[in-house]
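This report covers the interface, the fold and the charged pairs of the structure shown below.

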Protein chains: 2
Amino acid sequence: MTDEHFMKMALAEARKAFDAGEVPVGAVVTVGEQVIARGHNMVERLNDATAHAEMIALTSAFERLGAKYLPEATLFVTVEPCLMCTGALYWGKLARVVWGADDEKNGHRRVTGDTWPFHPKTTITRGVLGEEGALLMKEFFRARR
Amino acid sequence: MTDEHFMKMALAEARKAFDAGEVPVGAVVTVGEQVIARGHNMVERLNDATAHAEMIALTSAFERLGAKYLPEATLFVTVEPCLMCTGALYWGKLARVVWGADDEKNGHRRVTGDTWPFHPKTTITRGVLGEEGALLMKEFFRARR
């Protein structure tokens, strides 16, 4: 399985958010070749500013594995994680984080700059199907202008 | 009501965490003089690395007010918020965040440095009953060494 395979599943999650009137971000968590959790942004539905795709997917993954750390897991997310989600990924000690589109406004790097905010053992991959992830965001915000 | 009054309530939450074998951090959310939510660290109990006192108190506050932003609320927490919780406080747009003890290891400032990570309108107060907050943490980690 390639990163693109799992990112397509994260994009399908983002599309669900889009169709529900939510900022379209989706995430899946994998261990090996298996998807163990997924999530999409539910800030409006849950009336909770912290209900981001990554938080929902992570909490679901902790629940699924009965473990509070995920050192063998990879999280795929369609857009660069924000500061909160990056902090959550730090605590979860994930093996790997893969994101699609960079997010200059709300991505964590605007605040964290050159300081590594993830767990020391976490590796990062950027730009996987990033254009698709970015396009969904653009469509969403254009429709609201 | 003074900041100390509400911080004592946050410390009582931290004590509950301590007694449950959790890293002893507690939080309360207030609007005006009313406490609308409280929480303590439940990482072990929920088996969820994101179940920090602030996250639990914030989600409870969103639920209580039926609102996804808390621009009139103050969050009191016994220890400096980590990166994740700081990001959550950003998204919640709180009026004010008050913390007790600084946390050199896991406090957000180790990563955020000189960049302001909260909402632009959020104001910060540090060091309210900080010695009490720090003492609980020291006791907890000493007992585990």
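## Interface area

How much area is buried between chain B and chain A, and what share of it do carbon and sulfur atoms give? About 2,400 Å² is buried between the two chains, and carbon and sulfur atoms give 62% of that area. Buried area here is the accessible area, found with a 1.4 Å probe, that two parts lose on being put together, summed over both. On the side of chain B, the residues that lose the most area to chain A are N47(B), K68(B) and W91(B), together 25% of what that side buries.

The model is predicted: local features need pLDDT of at least 70 and side-chain atom pairs count only at pLDDT 80 or more, while totals for chains, interfaces and linings use all residues. Residues are numbered from 1 along each chain as its sequence is written, chains are lettered from A and ligands numbered from 1 in the order in which they are written, and side-chain values use heavy atoms, with hydrogens and water left out.

## Composition of the contact

Chain B and chain A each bring 28 residues to the contact, where contact means heavy atoms within 4.5 Å. Between the chains there are 8 residue pairs in polar contact, both residues being at pLDDT 80 or more. A polar contact is a pair of N or O atoms within 3.5 Å; within protein, one must be able to donate a hydrogen and the other to accept it, and residues adjacent in sequence count only if both atoms are side-chain atoms.

Four helices of chain B, α2 (43-46), α3 (53-65), α4 (83-92) and α5 (109-112), each supply at least two residues of the side that touches chain A. Of the elements in chain B, α4(B) gives the most to that side, with 8 residues. Helices (H or I, at least four residues) and strands (E, at least two) are DSSP runs, numbered from the N terminus. By residue class, the side of chain B that touches chain A divides into 13 nonpolar, 11 polar and 4 charged residues. Here Ala, Val, Leu, Ile, Met, Phe, Trp, Tyr, Cys and Pro count as nonpolar, Asp, Glu, Lys and Arg as charged, and the others, Gly among them, as polar.

## Salt bridges between the chains

A salt bridge is a side-chain nitrogen of Lys or Arg within 4 Å of a carboxyl oxygen of Asp or Glu.

One salt bridge is formed by E44(A) and K68(B), with the closest N and O atoms 3.0 Å apart. E44(A) lies in helix α2 (residues 43-46) of chain A and K68(B) in the loop between α3 and β3 (73-79) of chain B, so the pair joins two chains. E44(A) counts as partly exposed at 41% relative accessibility, whereas K68(B), at 17%, counts as buried. Buried means under 20% relative accessible area, exposed over 50% and partly exposed in between (1.4 Å probe, protein chains only).

## Charged pairs within a chain

D102(B) takes part in a salt bridge with R109(B), at 3.2 Å between the closest N and O atoms. D102(B) also meets R126(B) in a salt bridge, at 2.6 Å from N to O. The latter pair links distant parts of the chain: R126(B) is in strand β5 (residues 123-126), and D102(B) is in the loop between β4 (96-101) and α5, 24 residues apart.

The relative accessible area is 39% for D102(B), which is partly exposed. R109(B) is partly exposed at 30%, and R126(B) is partly exposed at 47%. In chain A, salt bridges that share partners join E80(A), D102(A), R109(A) and R126(A) into one network.

## Fold of chain A

Chain A has 6 helices and 5 strands, in the order α-β-β-α-α-β-α-β-α-β-α along the sequence. Its C-alpha atoms fill a box of roughly 40 × 35 × 30 Å along the principal axes. Of the 145 residues in chain A, 54% are buried.

## Surroundings of C82(A)

C82(A) sits in the loop between β3 (73-79) and α4 (83-92) of chain A. At 5% relative accessibility, C82(A) counts as buried. Leaving out residues up to four places away in sequence, C82(A) touches H52(A), E54(A), N106(A), G107(A), H108(A) and W91(B).
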